[in-house]
Structure formats: structure tokens, C-alpha cells
Amino acid sequence: EVMAGEFGPLFPANEFVQGVADKVKCTLEEKVGRKFEIYKALTYRQSPYIPSPPGGGPGPQLTEADYLIKVETVPETQSYHIVVEVNFTTQTYTLLAYFPDLDLHAPLDKFCVLGSGGNLR
């Protein structure tokens, strides 16, 4: 098992998530032996997922979270799914797993994380 815990619902990627993906881009390029001209975070899921408290406002502060991110790598056709561990205390970003050359419309689901298709560091 690559990850512990459940990933939350699917969200569109935002500037923060693109930043998370960018932090591990060089590591991913080294692992797969290619450079990505296109590298755009599209959607993501987070673990642990902590929904906003009733009435809105910030939730509890996390010290660490894992992000399952769909990154477009070939325009409108292919994506990589990457799993990144973020430690907010030490500001470290670790690529835990990646799933290469998936169809752009492949679901970003937890089976990707628990399946045997990923490559660990």
C-alpha cells in the first residue's frame, strides 16, 4: 500500500496545487527520463481530507498531507497521476508515486494509488 488514509473528493487544481506539482517536476523528469514541455495540474484529491467546518472558515492546521494530482503532459491526450507528500512544517515535497502516460480522461481515483501500476521512489 502506497498511502494510508482516504483521499477526499475531486477538486479543480488551483495555484497552490500547481505549485506542489512544480516542486517535484524535476524529480519526475529524472525518474521517467524525459522533459515535460506541458506540465499542468488539472485536478487533485487530498489525504487526509478535512472538510471546512460548518459555517466556513479555516479548518484544523495540517502538518502533513498527501496530494494525488492529475498533471496534463501531452495537450488534450495524456496525463500523469502523481502522489506528493507535503510537510508543511519543514516545507518539503516528496514524490511518493507516479502513474505514467494515462489517458487525460482517466479517473483520478484511489485505485491508482493502491494498484500496482505506480512506481515508488
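Predicted model: local features only at pLDDT ≥ 70, side-chain atom pairs only at ≥ 80, totals over all residues.
**View 1. The whole protein chain and its surface.** The accessible surface of the protein chain comes to about 6,900 Å², and 53% of that belongs to carbon and sulfur atoms (Shrake-Rupley method, 1.4 Å probe; for residues, only the protein chains shown count as cover). Residues are numbered from 1 along each chain as its sequence is written, and side-chain values use heavy atoms, with hydrogens and water left out.

**View 2. The fold, end to end.** You'll find three helices and six strands in the protein chain, running β-α-α-β-β-β-β-α-β from the N terminus on. Helices (H or I, at least four residues) and strands (E, at least two) are DSSP runs, numbered from the N terminus. Of the 121 residues, 37% are buried (under 20% relative accessible area, 1.4 Å probe, protein chains only). Take the contacts between residues at least 6 apart in sequence: 57% of them join residues at least 24 apart. Contact here means heavy atoms within 4.5 Å.

**View 3. The largest nonpolar core.** This core has 19 residues, and Leu-28, Tyr-39, Ile-69, Ile-82, Val-84 and Leu-95 touch the most other members. At least two residues of this core come from each of α1 (15–23), β2 (40–47), β3 (64–74), β4 (78–87) and β5 (92–103). A nonpolar core is a set of buried Ala, Val, Leu, Ile, Met, Phe, Trp, Tyr and Cys residues joined through side-chain atoms within 4.5 Å. A second, separate core has seven residues, including Phe-7, Leu-68, Val-83 and Ala-97.

**View 4. Around Tyr-39.** Skip the neighbours within four places in sequence, and Tyr-39 is in contact with Gln-18, Ala-21, Asp-22, Val-24, Lys-25, Leu-28, Val-71, Glu-72 and Ile-82. Two of these partners, Leu-28 and Ile-82, are listed with Tyr-39 among the core residues that touch the most other members.

**View 5. Arg-45, tucked into β2.** Arg-45 sits in strand β2 and is buried, at 11% relative accessible area. A polar atom of the Arg-45 side chain lies 3.3 Å from the backbone oxygen of Phe-7. The Arg-45 side chain also reaches the backbone oxygen of Leu-108, again at 3.3 Å.

**View 6. Thr-73 in β3.** Strand β3 holds Thr-73, which is buried with a relative accessible area of 5%. Beyond its neighbours within four places in sequence, Thr-73 is in contact with Arg-34, Phe-36, Ile-38, Gln-78, Ser-79 and Tyr-80.

How values were computed: Buried < 20%, exposed > 50% of the residue type's maximum accessible area, 1.4 Å probe, protein only. Polar contact = N/O pair within 3.5 Å; in protein donor to acceptor, adjacent residues only side chain to side chain.
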